[in-house]
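Please keep the sequence and the structure in view while reading.

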Amino acid sequence: MADLGGANRRVYPSSSKKIRTTRAKRLRRSAFIVGFLVLVILLGALGSFVYGQYLFSKVKKVSVSSEHVQVAGQPLNILLIGNNTRTGLSPSEVAAFGSSSQVGGGRADVTMIAHFDPKTKNVTLVSIPRDLFMPIPGTKKLQRVDAALNPTKATGTAENPNQLVKTIEYDLGIPIQHYVELNFDSFQGIVNALGGIKMYFPMPVKDAYSGLNITKPGCITLNGFQALEVVRARHLQYQLPNGTWGYDGLGDLSRTRRDHIFLQVLASQVKASGITNPVKDLSLLKNVLPYLTIDSQFTESEMLSLILTYRHANPAATPTGTLPVAFGPASGYVFDGTNYASIVLPQEPADTTMLKNLIGLAQPKITLSTVNVTVVNGSNSAGVGSTISSGLAGLGFNVSKARAIPPNANPVESVIYYTPGNLAKAEALKATLTGEVIMGQVPSTGYSTPLELLAGDQIAVAVAPVTPSSTKNQPSSSTTATSSTSASSPSTTIASITGATQVNVSQKPQPWDPRACPA
């Protein structure tokens, strides 16, 4: 995230030269995923032309062995990634956006889960904030989720879709059946091939970093470059009726909402115009396919089956959401001695609730007495480990005696580390906790119990009058710090509060957000 939710980091270049320089420095922030195009444009075009089969054979395919096998009749999750790699740019684009030597590797700048429900024939989209600080599978290292795709010393891995898929599956418990990746460079070509995208701007808006500058309200046909300015905008300013300029301080989180709106408008316009025009279809194919990467198990026949199953879905009514998060420190988040600048932290139970509501992510039914967990106090406060241990034991978990380690950050993020094969137990444990809590898989050796809870600076455990054999892994809870334990009703014990404020991103267009043109 470029802005930590406030106006204290506003920087607006005053000259065009300075703006161009700023653009070049922030190239890594310019990627954008065009998720529905995979279904609405690509699949429809492939279904219309034999030539499409030849073009499909040219699509780049990668092996993603960590994916779940799709089960017939069951929901399907496709991980949609906008990779901001600079590899393959034309000379003119290198001049505008920089080269691969200037911005090496690639990052998952935009990460979405497209969920397909065969029972309802509906599609939903859930975005994972690019700056969500998450464990890297197989290690105790934490990084932004966008870096899980990129080779770095921090992650200890090379650029690999498997690593990113594992991060989503292991840390959030979301099974991924397929992987689709687009280079942001294809975005402009797609929009231009469609003849532009019409969007309504209710008021003048600008963003010095992305180059966006809409001077008058109204319905405007955006070309590819202008559309890119819209979807990149994360320092958005808007002009109020009295002539003053306001500032959208939620940065990347607000950008994600506008990207959802853009996708809905784009898909609706494609569907309304039809995808059986040979010239238009082939133009779209030629602009999409050279930059598309999919997993090698994602076959053309499966794609065609998807388009037939979901062809009546209404893009404009597609449910969307962004995981609720809390902002890291405005001064920058220091973890293990490294300043990661702007990050956001997970929020439970809000994250699990959203995933349940939008993609049907169910909580496993586990007998809590079978769950063995070691509690480690890694927070900046004494006694947190004992408090959490007592609360978990009261719920029926088999808890080992708590120990303490020096804190590695401020605030410390709480992590449920679990060994392979114990994801369901980790999810059962997470369902009893609130705060900045996330999961992470670690190697099978070196742990006395299958689960190890690193208790951080904002964590709560629901304490309820249940027996050790209870299978209730989602007890009622309150996030109020003043709640007290009662023998007759559940309550929540807050071990420590860092002052973090949960941010839920409204999916409804704000007064300044561009949207579909009035009918």
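## Terms and basis

A residue is called buried under 20% relative accessible area, exposed over 50%, and partly exposed in between, for a 1.4 Å probe and protein chains only. Helices (H or I, at least four residues) and strands (E, at least two) are DSSP runs, numbered from the N terminus.

This is a predicted model, in which local features need pLDDT of at least 70 and side-chain atom pairs count only at pLDDT 80 or more, while totals for chains, interfaces and linings use all residues. Residues are numbered from 1 along each chain as its sequence is written, and side-chain values use heavy atoms, with hydrogens and water left out.

## The disulfide

A disulfide is a covalent bond between the sulfur atoms of two cysteines; here the criterion is a pair of cysteine sulfur atoms within 2.5 Å. A search of the whole structure gives 1 disulfide. The partners are C219 and C517, with their sulfur atoms 1.9 Å apart. C219 belongs to strand β11 (residues 218–222) and C517 to the segment after β28 (502–503), so the bond ties together parts that are 298 residues apart in sequence.

The link of C219 and C517 is right-handed, with 90° about the S-S bond. C219 is partly exposed at a relative accessible area of 45%, and C517 is also partly exposed, at 23%.

## A β-α-β unit

Strand β20 (residues 372–377) is mostly covered, with 5 of its 6 residues buried. Strands count as paired if DSSP finds at least two bridges between them. β20 pairs in the parallel sense with strand β21 (residues 398–404) over 5 bridges, and N372 has N398 of β21 as its bridge partner. β20 also pairs in the parallel sense with strand β25 (residues 451–455), again over 5 bridges; there, V376 is the bridge partner of L454.

Together, β20, helix α12 (residues 384–395) and β21 make a right-handed β-α-β unit. Right-handed here means that, with the strands pointing away from the viewer, the path from the first strand over the helix to the second runs clockwise.

## Helix α12

The 12 residues of α12 reach 17 Å from the first C-alpha to the last, close to the 16 Å expected at 1.5 Å a residue; the expected span is 1.5 Å times one less than the number of residues. The buried residues of α12 are V384, G385, I388, S389, G391, L392 and L395. Seen down the axis of α12, these buried residues fall within an arc of 165°, so they line one face of the helix. The arc is that of the directions from the helix axis to the C-beta atoms. After α12 comes G396, which has a positive phi near 115°.

## Aromatic pairs

Rings of Phe, Tyr and Trp (its six-membered ring) pair if their centres lie within 6.5 Å; planes under 30 degrees apart count as stacked, over 60 as edge-to-face and the rest as tilted. By this rule there are 6 aromatic pairs. One of them, F133 with Y333, is edge-to-face, at 5.2 Å centre to centre and 75° between the planes. F133 lies in strand β5 (residues 133–135) and Y333 in the loop between β16 (325–327) and β17 (334–335), so this pair ties together parts that are 200 residues apart in sequence. F133 is buried at a relative accessible area of 0%, as is Y333 at 1%.

The rings of Y238 and W512 have centres 4.1 Å apart and planes at 5°, so this pair is stacked. Y238 in strand β12 (residues 237–239) and W512 in the segment after β28 are 274 residues apart.
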